[in-house]
Structure formats: structure tokens, C-alpha cells
Amino acid sequence: MRNLISFINKYSFFFLFLLFEVFAFYLLFRNNNFQRVSFFNSTNAISGSFYESYSELTDYINLKEVNDALAAENERLRSTQINSFQRLFGENIMVKDTLFKRRFRFAKAKIINNSINKQNNYITLNIGSSNGIESGMGVIGPSGVVGVVKNVSENYASVLSVLHRSAKVSAKLKNTQYFGSLQWDGKNYKEGILKDIPNHVHLTEGDTVVTSGFSATFPEGISIATIQKFVKPEGENFYDIKVKFVNDFKNISQVYVVKNSYKLEQVLLEEQSLKEDD
Amino acid sequence: MIRSFITYPLQFILLVLVQVLVLNNIQFSGFINPYLYILFILWLPIETPSWLVMVLACFLGLSVDLFTDTMGMHASASIFLAFCRPGILRFLAPRDGYETNQIPNLQMMGIVWFISYVSIATILHHLFLFFIEVFRFSEFLSTFGRAMASSVFTLLLIFITQLFFYNQEARK
């Protein structure tokens, strides 16, 4: 017993170090374990409101770029509006349209915290459950996909960015409709990897990659990236494709959260089929 | 003595704020990120008890973590640095030991001592931090490179900060 005490006494500093490290790693693992709704989190009230006032200050710096992006978006939307089409026939006909039913709704949100330099990046939005935001909803920027909502508090939402090592977006090639999954390799915030495209498909650099619409998170055809470089590895059936994101993640501030009215229905149906398999 | 009860908390708050509000947004080419906040641990007086350094390092790391959403990551790296600090100080000790009330900064310890002290500490801290962040050894070289590149920037900033205070002290 005396030996034990003297041993502990001799290496007390090392044991103190171990004790502290165990505490730090406990925090680390608990947060990596996708249990991010924890006491310390930037969606919590203190740092959330802190970041909001900070981003109010810094927003002015990016104002010009944001305005340009919004104006470009307005231009695109205006050109699809009814009054920009010319009527071909003179008669006034009223058509009660029952062919279309609204599937997606968009909620405007502002980014109040963002990072690109980590391996697992998260974005904080200034809207939360009080605005009808739920976990699992897609987030798109002015030009393309940004991420998926992960956790929601009353007034803030934490978004798993596309720049996250475990983020996967179901994507397809716009011109040939072949689908694969888009991931990030943690190196450059401008580039991602497109996987599972079979190597008999004809590709060209600059091809657009869009969302497939399979997962019910995003509408079909939202652009994500363009193909930058591709190689056919020998002895494999799939391409190695490097893509360039259309969004500049370093410089986005206005995003839209996508609400899919039929998501629950689709998910339940798919789960049921999977269950019957077992 | 009483002065240090004011200056050290002030240093703590300033360094965390600079780290969170300015340096975390720099992100040169997407992966280089300087971590100046460790200067707080490095600047503590040499005779500070090592357990106190460790407690302070834990709080420092947690405060940075709170703002970067990486609970425990900076804390574990800072604790590791606090653990290494006595060893580095012993390794660099002058032949007849340290004097009382010495602070490990540029003006008190001289440029050669300060450069070696800061470089060893920064590189150890950054290597630990970056490997904790990726949490795998499979991309060893890429992680190692990122840690080194960031270390260079952190060291640069530490010298700038140190020189900034050097002038003020000299004028007094």
C-alpha cells in the first residue's frame, strides 16, 4: 500500500494529466457521437446570440457580393414568371390546375456561423423550430446545395455542411442522368469527390452535377458542382471524379431551408418495404 | 503579484477573443489556421505550479472549443501542452537554473531561448491538435503537413505579438 501511494505521489503530475485528458476526450467522443444537442453547442443561447450580433457587424463587409448573388437570383426567377411569357392565343381561358400540387416550400435563413477549415464543418442558421425547421431538412444556397439541418433549437439550427467528412449527397449527372454520391475528402473546401459513376459513361470536364431527388431532402435538379477532373482507375468499374462546388462556402450568407411536404410519406413507405425484406 | 491578478485574466480574454473573432476566420487557402491562444499558457511565469497551468489550460481550451463547436478538441491539446511545458522548461533550463519571478518571454529570456521554447511548444501542440481532429493515422503525411504549415503561421504571429509588447516595455 505504501508503495502504491509513493508511486502515485511520484507520478502525480502524469496522473493529473491523464485525468484531464480523459475529461477532454469524454467531451470529444460525446460530441462526435452525433449527440450534438448538448449543453455546450453553438446552438445554445449564449454563443448563439453572441454570434448573431457578431455577424450583424460583419455582414456589411460581404454586402456587395450578397447583393449581386441575390440580384442574379431575382433575375432568374423573374424570367420564369408568368408575365414574362407572351400569350399565344387571344382567348381568356381559366384553367383550374389540379395537375400540380406543391411539394417543396422554401424558408429564407441567414448564416450566423460558418467554417470551412475543419474536417467536420457545421453552419449555424438564425431560424429554428419556431420557424418550422426540423432536423433532416435540406439547405440550399443561391447557387447550389449547402447541407442538411442536423439539430434545431428554438431560434437556431445547426446544419451539417457538405464540407463534412460523413456528409453524402445523392447526386446525378445533369446530361446523362447517371447517379452517384457526392462526398468531401477534407482537403480543399472548393473540391469534392463524386463516387459510383460507372466507367462506361461518357464524361466531359465541366459537366454539371445536380441533386438526384431520391432522398426527399432536396428537390431534383439543384446544382451542386461541376466536374473538374476524372480518371478511370485500372481494374475498377467506377470513375474517380473530382468536382468543383458551385457554392463558394467561404462566402455565403443567405440560404434557403427546403421543406418537403411528402417526406414523411416517402420515408415511411421506403422503411416499410425494407422491413418486409427482413 | 496583485498586478498579475489583473493582467493574466485580461490576457486570457483578449487571446480567446482574438482567436475566435479574428484568427478562426483567416483560413489561408482553406487549411492553414493559426492558433495564437496557446501564448497564454506559454507566457505563464516559470514558477507557476504545474497543476495550476493544467487547470488554466483546460479552461482556455474549453473556451476556444465553445466557439468552434469542437467540444474537447482544443481542451485536450491545451492540456497536452500544459503537460509538456515543465519538460520543455527543464530541457531548456540555463546551467544554474531559473531565477525567481521569471516570465518566459522574449525580453526576459533572450531571443535564442525564446525561439526554441516557443517552437517546440507550438509544434507539439499543433501535431496533437491536428491528429485529434482527423482522428486517424491513415493520412499521416497530409495531416503532418497541415500541422507544420499552421505551426509556422502561429509562430509568426507569436513573434509579432511579442515584439508588439517588447516596444511598450522598452519605452517604460
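The questions below concern a predicted model of a complex.

Q: What confidence does the predictor give the complex, and what does chain B average in pLDDT?
A: The complex has an ipTM of 0.77 and a pTM of 0.58. Chain B averages a pLDDT of 85, and 93% of its residues score at least 70. The scale runs from 0 to 100. Where pLDDT is low, the predicted coordinates should not be read in detail.

Q: How do you know that strands S3 and S4 of chain A pair?
A: Pairing needs at least two bridges between two strands. Three bridges join S3 (residues 138-140) to S4 (residues 145-152) in chain A, therefore the two strands count as paired. They run antiparallel. A:Gly138 stands opposite A:Val148 in S4(A).

Q: Which strands of chain A close into a barrel, and in what order?
A: Six strands of chain A close into the barrel, in the order S1-S2-S5-S4-S3-S12, with antiparallel pairing. On average, neighbouring strands of this sheet are turned by 45° against each other, direction ignored.

Q: What makes up the secondary structure of chain B?
A: Chain B has seven helices and zero strands. Along the sequence, the pattern is α-α-α-α-α-α-α.

Q: What share of chain B is buried, and what makes a residue count as buried?
A: A residue is buried if 20 or more other C-beta atoms lie within 10 Å of its own. Of the 172 residues in chain B, 35% are buried.

Q: Why are the residues of the largest nonpolar core called a core?
A: The name applies because a nonpolar core is a set of buried residues of listed nonpolar types, joined through C-beta atoms within 7 Å. The largest such set has 47 residues. Among those with the most contacts inside it are A:Leu125, A:Val146 and A:Ile224. Leaving aside neighbours within four places in sequence, A:Leu125 is in contact with residues including A:Ile111, A:Tyr156, A:Val159 and A:Val255. A second, separate core of 41 residues includes A:Phe20 together with B:Leu60, B:Met73 and B:Ala82.

Q: Where does the side of chain B that touches chain A come from?
A: The contact takes 22 residues from chain B and 22 residues from chain A. On the chain B side, helices H3 (50-68), H4 (73-91) and H6 (111-134) each supply at least two residues. The largest share, six residues, comes from H3(B).

Q: What kinds of residue form the side of chain B that touches chain A?
A: They divide into 13 nonpolar, seven polar and two charged residues. Gly counts as polar in this division.

Key:
Residues are numbered from 1 along each chain as its sequence is written. Chains are lettered from A and ligands numbered from 1 in the order in which they are written. This is a predicted model: local features need pLDDT of at least 70, side-chain atom pairs count only at pLDDT 80 or more; totals for chains, interfaces and linings use all residues. Helices (H or I, at least four residues) and strands (E, at least two) are DSSP runs, numbered from the N terminus. Axes are lines fitted to C-alpha atoms, for helices over the stretch in contact, and angles run from 0 to 180 degrees between N-to-C directions. Two residues are in contact if their C-beta atoms, placed from the backbone, lie within 7 Å. A residue is buried if 20 or more other C-beta atoms lie within 10 Å of its own, exposed if 12 or fewer, and partly exposed in between; C-beta atoms are placed from the backbone.
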